[in-house]
Amino acid sequence: RKFELEYLGATDAEKELIYLYNTIIQENETEGRIKNAHAYRCSLNSVVDYVTYTNGRKPSEIPFSLVTPEFLKDYQRYMTEVEHKVDGLFKKRKLSTNTVGIYTRSLRAVFNRAVEERLVHGDQYPFGKSKGKYQIPSGRKVKKGLTKEQLRQFYEMDLSNNPTASKARDFWILSFVCNGMQFKDIAHLKYSDINGEFFSF
């Protein structure tokens, strides 16, 4: 792709944000990085929602030039302060600082790609720690643990009327007692992994 861009040049369609977001999403899906693809898609949907909110209509394209430090600051305020309902239901809730960080880091990665592929001039890059640039907020990491009593209540909770929740609880407990075993590893367990009273993965 880099060779094609340098040799043939970018088309008008490639010179805007939504197109590059979708290109990156498709690449991640093709390469099996589904979690990354999902993160980029959530970020894209959020940016589109914000532009729709400010312009009153859903955009088919978002030029890179629109995304300035001021745009990003207003976008952050939109995510953390604006909450509205449609027909009595929440259309958008206020988001946490952590979620803002996740969405804007994905947006920054798209911009980095745009600069790398010469779709955007470096002078247009809106992110950074210097004055006049937009700095992505970082949430305060607070480790939260359950007490023994809370774990006991969780373990003994009667979920007989909700098989789906019961199964989810069982998977969580298995992960917990296996020192935080990844759910992907749990999904790939086989009977052949069991050896007497033990299993390995």
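Residues are numbered from 1 along each chain as its sequence is written. Because the model is predicted, local features need pLDDT of at least 70 and side-chain atom pairs count only at pLDDT 80 or more, while totals for chains, interfaces and linings use all residues; side-chain values use heavy atoms, with hydrogens and water left out.

Helices (DSSP runs of H or I, at least four residues) and strands (runs of E, at least two) are numbered from the N terminus. Helix 5 (residues 97-116) and helix 3 (residues 34-55) have axes that come within 9 Å and cross at roughly 95°, the axes being lines fitted to C-alpha atoms over the stretch in contact and the angles running from 0 to 180 degrees between N-to-C directions. These two helices, helix 3 and helix 5, are therefore roughly perpendicular to each other, a term that covers angles of 65 to 115 degrees. In this packing, A39, Y40, C42, S43, S46 and V47 of helix 3 meet Y103, S106, L107, A109 and V110 of helix 5, where contact means heavy atoms within 4.5 Å. The residues of this contact divide into eight nonpolar, three polar and no charged, with Ala, Val, Leu, Ile, Met, Phe, Trp, Tyr, Cys and Pro counted as nonpolar, Asp, Glu, Lys and Arg as charged, and the others, Gly among them, as polar.

Helix 2 (residues 17-30) also packs against helix 5, at an angle of about 100° and with the axes 10 Å apart, and helix 2 and helix 5 are therefore roughly perpendicular to each other. On the helix 2 side the residues are L17, L20, Y21, T23, I24 and E27, which meet Y103, S106, L107, V110, F111, R113 and A114 in helix 5. The contact of helix 2 with helix 5 comprises nine nonpolar, two polar and two charged residues.

A search of the whole structure finds eight salt bridges, each defined as a side-chain nitrogen of Lys or Arg within 4 Å of a carboxyl oxygen of Asp or Glu. One of them joins the side chains of R77 and D74 (2.1 Å, N to O); being three residues apart in helix 4 (residues 69-81), R77 and D74 are separated by about one helical turn.

R93 lies in the loop between strand 2 (89-92) and helix 5. Leaving aside neighbours within four places in sequence, R93 is in contact with M79, V82 and E83, and the C-alpha atoms of R93 and M79 are 8.0 Å apart in space although these residues are 14 apart in sequence.

Conventions:
Angles under 35 degrees count as roughly parallel, over 145 as roughly antiparallel, 65 to 115 as roughly perpendicular and the rest as oblique.
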